[in-house]
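Please read the following report alongside the sequence and the 3D view.

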Amino acid sequence: MNDITILRTTPRSLIFVLFGFWILNFGLANAAELHQLPSATDIWRVLSLQDHNTRIVFIGTALFGAVGGMVGTFLLLRKRSLMSDTISHATLPGIGIAFIIGELFFGFGKSLPLLMFGAAVTGLAGMGMVVAIRTCSKIKDDAALAIVLSVFFGLGIALITVVQQMPSGNAAGLEGFIYGKAASMTVSDGWLIFGAALAAGLVCFFLYKEFTVLCFDSSFAASQGWPVLLLDVALLALITIVTVIGLQAVGLLLVVAMMIIPPAAARFWTERLDMTLLISMGFGFVSGLLGVFASALFPRLPAGAIIVLVSALLFFLSMVLGGARGMWFRYYEHRELSRRVRRQHLLRSIYEWLEVHGKRTDLLDDEFTLNDIRQFRAWTPGELETSLQRALQRDFLGEDHPGRYHLTGKGARDALRVVRNHRLWELFLIKYADIAPGKVDRDADAVEHILEPDILQELEALLEDEDTRKRIPLSPHRLNGALNGGTT
Amino acid sequence: MEWTALDGWIVATGTLLAMACALPGTFLILNRQSMLGDGISHAVLPGIAIAFLLTGSRDWTFMLAGAVVAGVLTGVISNAIEKYGKVESGAALGVTFCSLFALGLVLIRIAADQVEIHADCVLYGTLETAVIDGVINSGVPQVAWQAIALLLANALLVLLFYKELKIASFDPDLAESQGIPAGRIKFGITMMTAITTVMAFEAVGSILIIALLIVPASTAILLSHRLPVILVLACGIGMLTAFVGHWLAMAPFPWLMRELSGLESLSSASSTGMMAAACGLIFILVLITQRVLQRQMPSGQPSTSS
């Protein structure tokens, strides 16, 4: 059933995708219009990484993109993607508190390690709150996420408004964390990101097997004695670290995007975990690079947003074109399958008509017309005609005289095979499943296309004594439209 | 700090908005779509920006229309990604609203060349300034009228479709068998959330909207099993949070900050931010009280935790 709904509705979903593209184009076209296009020398200067600062921003952001894609993959498979959204919002009060503490005790609040530490602390506290609410009350997962997200962020905003009133509270520095300020990355920031990324990568490397089991079957993992809760906490701690290093590059409102979009895009290309990880890291890396590149050329555009838009573009492309689960791929597969099913129905109807009305000399000589076949099945309007035309094109049928068709050798072979599958299954149902002969036709209809050779062998063995030794057993029930014919 | 008429208006508007948000919020939670409010409130940004860019005016109606379209699209697009892309629902929502929000940030930056607008007012809201402007100009601030209209509309919708909303939220299959289109009701809740978010965010900002939508209703759900009681309680708790939040922002919170930092210049914190924090405070208090009471009389009512 599901296959058929997908077939029917795919064009509509394509419209949505196209709409997404249109929106993206709209944004980019406007951007190009309003901000003068950069000259070739500008492009070369940025591309060749001549500025020392650009180099750091490039490396830092791309590195963050790759690590985000890596931990995001595990989070996606654990079905906790939105957890990262809550954690990232929960970092804001930590930033505010760290700034105030820094101002009071050290005289300066805008030290990146201190702010990052504060962000990590409240991020982890927010995560703990979600787990606590979920386990201690009847509040469900999604509501717990929304509660912690909004409350922590509200508290953060209140703290930021207080910080803005402090004499040294140059809040512009803190706002950089909300919207991201990749261009202001310094060498020490770069090293910080590099160190954190390296640590996250190492943890993922050493816990690869553990995370895999956790993501694919957590209850199995629990039953085998794995410390599931501890692993979950480790995963979320990793998410917090990546969130914190992404704050400066893309800002806390969009850092979550880099942990959701690249992994979701990568899933369209492969079914394997290791490949998903690699592709997702690649997507994150490329998004970071292209985003920084674009924002270096158009300095007024927010870099974080551009990075996310690049990854969104990658996502939409993957969703449509992806080689393993993409929409086009699945649409094509379903179409092929339904065509084969319809062709096999046609061939079986033809065979059964010939069985009843044909001269029974040679399958290939008997001719039939469209109307002869029509009465054998309930065809939807036009279905019979299109199936027939397609079968003609692909040499399953021949047409010597206009309107009069006959089976070709290839068609006859296929027809014999399908009819044999169909009737073996019918006989099996009658004999072993105790289903009335009048009712087996429909069941066999669905199964005849997918009977594997080994199942066929089993069926043959089971039905040894029946008339299965013949190449084609007789139909166990009256055939449609065969009222005058002489079947069993 | 003295309590003035302005504070009265701020609390009154906050109260009305909190009540208006609690109604759709309850049904969002029951439908397990809480994060949809988060998604919509982020994703209205490009709708507003596009409305600006297309019309070139700051007309309130265009802004509303653009934002509602964007809000509804968030639900539709994330459903489409989930269904046709076979992506898990949370991730599908995340992909959608992150992309739309990023697009919105870019468009706002572009629109800023033409119209005076900043992403901040979308995020934080400007309840205080909106109220002050309104009181100075006409006596009753426009945001208060907006809040009243929103509350009446939401209350009317809930009353009219009470039975449908109830059945569709608790048992979609039963609803379908009774001839109630559960899917369309769900879409209606999305619409209601989108419109509420958009109407309210000018005043309180997109983040407080999530707090007002979800937290009072969650607190009410902790306290009762019956839908009418939950709805009334949610509205009541919403009122309380508006008052407590503003009071906290005015007096105790800045005092705490002054005491800690020794800086006399700190006067007040963002009311909207503190309202969100107050929502959380009340939720936590109720949760803890309930746990303590449950532990004291274990033989009483059956445990509600699961």
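## Basis and confidence

This is a predicted model, in which local features need pLDDT of at least 70 and side-chain atom pairs count only at pLDDT 80 or more, while totals for chains, interfaces and linings use all residues. Residues are numbered from 1 along each chain as its sequence is written, and chains are lettered from A and ligands numbered from 1 in the order in which they are written.

## Chain B

Chain B has 13 helices and zero strands, where helices (H or I, at least four residues) and strands (E, at least two) are DSSP runs numbered from the N terminus. Of its 306 residues, 55% count as buried, a residue being buried if 20 or more other C-beta atoms lie within 10 Å of its own, exposed if 12 or fewer, and partly exposed in between, with C-beta atoms placed from the backbone. Among contacts in chain B between residues at least 6 apart in sequence, 74% join residues at least 24 apart.

Helix α4 of chain B (residues 89–111) has 23 residues and reaches 32 Å from its first C-alpha to its last, close to the 33 Å expected, the expected span being 1.5 Å times one less than the number of residues. In α4(B), 23 of 23 residues are buried.

## The contact between the chains

The contact takes 58 residues from chain A and 66 residues from chain B. On the side of chain A that touches chain B, the elements giving two or more residues include α1, α4 and α12 of chain A, and the largest share, 16 residues, comes from α6(A). The residues of this side divide into 41 nonpolar, 10 polar and seven charged; Ala, Val, Leu, Ile, Met, Phe, Trp, Tyr, Cys and Pro count as nonpolar, Asp, Glu, Lys and Arg as charged, and the others, Gly among them, as polar.

## Residue I260(A)

I260(A) lies in helix α12 of chain A and counts as buried because it has 32 C-beta neighbours inside 10 Å. Not counting residues up to four places away in sequence, I260(A) touches residues of both chains, including G72(A), L76(A), A91(B) and C98(B).

Note on methods: Two residues are in contact if their C-beta atoms, placed from the backbone, lie within 7 Å.
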